[in-house]
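Welcome! Please take a moment to look over the protein below, and then we will walk through it together.

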Amino acid sequence: MSTFTPHTDREVAEMLAALKLSNLDELYQTIPSEFRLKDLDLPCGLSQMEVEKELKHLAAKNKVYPIILRGAGAYQHYIPAALKLLANRSEFVTAYTPYQAELSQGILQSIFEYQTMICELTGMDVSNASHYDGATAAAEAILMCKEKNRSKVVVAPFIKQDTLKVLKTYLTSMEIIIAPHNEDGQVDIDKMTSLIDNSVAAIYLEQPNSVGIIEDAKKLGDIAHSQGVKFVMNCYPIALGLIKKPSECGADVAVGEGQSLGLEMAFGGPYIGIMATTKAMQRKLPGRIVGETTDAKGNKAYVLTLQAREQHIRREKAGSNICSNQAHCALKLAMYLALMGENGLRNVANACVSNAHYLADELTKIGLKRKYNGEFFNEFVTTSSYDTKLILSQLESQGILGGLPINNTDILWCATETVNKEDIDKVIRIIKEAVC
């Protein structure tokens, strides 16, 4: 960090004098000697050049693929250089919202801007300051819908498996019912409707679903409300540049994994859970919420608001124990959305659709046909008689991370704006050579 400065000898001496201690070891006198480390046996220090060389050696062990055709929850999207430059400034990296939060106006304003943009993205009324990840947000959203006599949730058939595992871990007080699907890779709406009774609290849907197909979310939202059931909609944020917003589909709670909005894939995290809801349900929204107000002098100010839950004064009535957020990830999301704007996000979404459909068409020509016929965004499943391991290993040998193998015959493919026609043509050529 460019502005970080260690303590000087003079500062250490002044601290010890104020504490009336003669050396730093005396700071630890309250710790029993048997628990104190004596000799660490550390190696000699290295020069800056030696450290850089060692780090490069370690980094070279990572496998970096120039072409990535795999999604399944973590997506390769282009991150503008301005975002990386701004978000890594030391005043952002070191900032943390203290429990006397109003002292940190800068970070509170960044969270407020994030919340505002998430509301614009989803069309919902209120957003919290973010969750740990999309799966956690989904579980918390369903808990928001639980009522005294409604303790079941009907879940669409194609949702991400890691999310389903989190739901089963979180929702121990609720019954999870998995709805069937149709041949197009969508939830079978008629059969799902038959599962809804007076004990169901919510319907949970992912859009697009885990096999890439776009669901009829508006129809499901209408059915949910006609039965007095809440509708929770988990969205791929980039897709919202083209498809209907959760608010347009009647969602009571909108959630999603925000990694695609300016965060690196980064070996799986840290990620960020998006969560927004309607005004009618805002008091059930877990986590932090930042509001805008004025101070005693009439100046604009930001505060943590709606705090009567979790670790605060009404803990016994809390529906959640979430009391933190992914502040730096939220800052990056806000910067990404501000840099891209509405048109930029739409252009990215269009590029994803175009590349994915071109890839699907070309794969079909060489015998890898789509398994489901429903409309898709940027992911789709192919099925064939070819050896999936052979196909993927051949691609990997050429520096290409192919789709996610589902079984011996099916592969889940993904294409974003980071691949182009030349990349896809190269992929098709390699697969054709492998299977023909």
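Which residues does A129 touch, not counting residues up to four places away in sequence? They are I111, Y114, Q115, R288, N325 and A330, where a contact means heavy atoms within 4.5 Å.

Before going further, a word on the ground rules. This is a predicted model, in which local features need pLDDT of at least 70 and side-chain atom pairs count only at pLDDT 80 or more, while totals for chains, interfaces and linings use all residues. Residues are numbered from 1 along each chain as its sequence is written, and side-chain values use heavy atoms, with hydrogens and water left out.

**More about A129**

A129 sits in the loop between β2 (126-127) and α6 (134-145). Helices (H or I, at least four residues) and strands (E, at least two) are DSSP runs, numbered from the N terminus. With a relative accessible area of 0%, A129 is buried. Buried means under 20% relative accessible area, exposed means over 50%, and partly exposed lies in between (1.4 Å probe, protein chains only). T294 lies 165 residues from A129 along the chain, and the C-alpha atoms of A129 and T294 are separated by 20 Å.

**The whole chain**

The protein chain has 12 helices and 15 strands. Its C-alpha trace spans about 80 × 55 × 50 Å along the principal axes. Of its 436 residues, 46% count as buried. Take the contacts between residues at least 6 apart in sequence: 68% of them join residues at least 24 apart.

The protein chain exposes about 23,000 Å², and carbon and sulfur atoms supply 53% of that area. Accessible areas come from the Shrake-Rupley method with a 1.4 Å probe, and for residues only the protein chains shown count as cover. As for charge, the mean positions of the 45 positive and 51 negative charges are 3 Å apart. Lys and Arg count as positive and Asp and Glu as negative, while His and the chain ends are not counted. Each charge is placed at NZ of Lys, CZ of Arg, CG of Asp or CD of Glu.

**Strands and their partners**

Strands of a sheet pair through backbone hydrogen bonds, either parallel or antiparallel. Here, two strands pair if DSSP finds at least two bridges between them. The table gathers several pairs from this model.

| Strands | Sense | Bridges |
|---|---|---|
| β3 (152-155) and β5 (200-207) | parallel | 4 bridges |
| β5 and β6 (230-235) | parallel | 6 bridges |
| β2 and β8 | antiparallel | 2 bridges |
| β7 and β8 | antiparallel | 5 bridges |
| β11 and β12 (379-383) | antiparallel | 2 bridges |

Is strand β5 mostly covered or mostly uncovered? It is mostly covered, as 8 of its 8 residues are buried. I203 in β5 stands opposite V154, and L205 stands opposite M233 in β6. From β5 the chain crosses through helix α9 (residues 217-226) to β6, making a right-handed β-α-β crossover. Right-handed means that, with the strands pointing away from the viewer, the path from the first strand over the helix to the second runs clockwise.

Strand β8 is mostly covered, with 5 of its 5 residues buried. In a regular strand the side chains alternate between the two faces of the sheet. In β8, G273, M275 and T277 point one way while I274 and A276 point the other way, and all are buried. A276 in β8 stands opposite S127, and M275 is the bridge partner of V255.

Elsewhere, 4 strands form an open antiparallel sheet in the order β11-β12-β15-β14. Its edge strands are β11 (369-370) and β14 (404-405), each pairing on one side only. K369 has T383 in β12 as its bridge partner.

**Some backbone details**

Most residues other than glycine have a negative phi, and most peptide bonds are trans. Which bond joins Q207 and P208? A cis peptide bond does, with omega about -10 degrees; P208 lies in the loop between β5 and α9. The peptide bond from G269 to P270 is also cis, with omega near 0 degrees, and P270 is in the loop between β7 (253-257) and β8 (273-277).

That loop between β7 and β8 also holds A266 and F267. A266 has a positive phi of about 50 degrees although it is not a glycine, and F267 has a positive phi near 55 degrees. A266 counts as partly exposed at 38% relative accessibility, whereas F267 counts as exposed at 80%.
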